[in-house]
Amino acid sequence: MMKRRISAILIMIICLSFAACDTQKSQPDVQMDLADEIDEEKETGEAEKTDQVDETGKEKENEKLEVTEEANQDSENEADKANNEDPSLNKARYAAYKELLLDLYKNNHLAEWGDIDFIDSESMSDNQFAIADVDKDGKEELIVYVTSTIVAGHAGIIYDFNEETGKVYAQLKEYPLLSFYENGAVEAGWSHNQGKAGDFWPYTLYVYDKESDSYKEAGYVDAYDRALYEQNKDVFKDDPFPYDVDKDGNGFVYYLYSAENKLADYQTIPPVDDDAYLSWLQNYTNGSKKIDITFYNLTEENINSILDK
């Protein structure tokens, strides 16, 4: 009986030993499983973060693309405006421009200006013309520069075409020193620069008026060049350069004349520095840039090739 009890006790001890071993072995396994789960969660979290970053980056890129596409679309719309005109009216417009240029080339007569005394027949090709939509109304204008005559006879004229009357008319008549802005504004350089502007060329600024289909004076700009003063102090001794106004130190101050007063107060108004001048200019140009216009020499060949459309 005692032997049986001893055998039973030994068997229980052996079973408990095996159970303890299994328990000890299973704890590291559980820890490893937990570690694996934590690693998986980290990897999943990092992957989700990466996906979120990628999606955010893609969204930003898409936004940039949309803005670029919108800007490009606006540019394309502006470029297509000139092509929206009825083909027959377009043809009539070019025919009228051609007739005007041939009249100048063959008869020395410029519409809405008069007869011109050219220096000689060979100088005719020194004059120039261009076809471009400079007022941004979607229709191309004719720009003519007459320069091969005395300075008093120099002309820079922007012509447009009246579709109802079939006639060409002048939108702007100025000296042939024009600069064109993207929004339709025009700088017209003065024929002379005999004041204090030095390296700055004075000009009249025009803005396009849609209602009258013509250009209106916005104002006039002149300047005082420090270098001109310092080289001619004896001449300008009673009107020294205003160093205190030239705060940016670039050597120029400006006189801004209103269209209402014209030049009645010429060089009697106080000058301003670049910040005020540029602010005034941007008010009329909407911060737009100047554009390049392709001009052609006034020859019969160019007239025919450009306007036979």
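**The open sheet and its edge**

Author: Follow the order β11-β10-β9-β8-β7-β12 and you trace an open sheet of 6 strands with antiparallel pairing. The strands at its edges are β11 (252-258) and β12, and each has a single partner strand, so one side of each lacks a neighbour in the sheet. Strands here are DSSP runs of E of at least two residues, numbered from the N terminus, and two of them pair if DSSP finds at least two bridges between them. Bear in mind that this is a predicted model, where local features need pLDDT of at least 70 and side-chain atom pairs pLDDT 80 or more, while totals for chains, interfaces and linings use all residues. Residues are numbered from 1 along each chain as its sequence is written, and side-chain values use heavy atoms, without hydrogens or water.

Inside the sheet, β8 (residues 186-189) and β9 (residues 203-209) run antiparallel and are joined by 4 bridges. One to find on screen pairs A188 with T204 in β9.

Now go to the loop between β12 (290-291) and β13 (296-297), where F295 sits. The structure holds 15 aromatic pairs (Phe, Tyr or Trp six-membered ring centres within 6.5 Å; stacked under 30 degrees, edge-to-face over 60, otherwise tilted). The ring centres of Y145 and F295 are 4.6 Å apart with planes at 20°, so this pair is stacked. Y145 belongs to strand β4 (residues 141-146), 150 residues away from F295 in the chain. Y145 is buried at 9% relative accessible area, whereas F295, at 22%, is partly exposed; buried means under 20%, exposed over 50%, and partly exposed in between, with a 1.4 Å probe and protein chains only.

One more stop: Y224, Y229, F236, F241 and Y243 make up one aromatic cluster.
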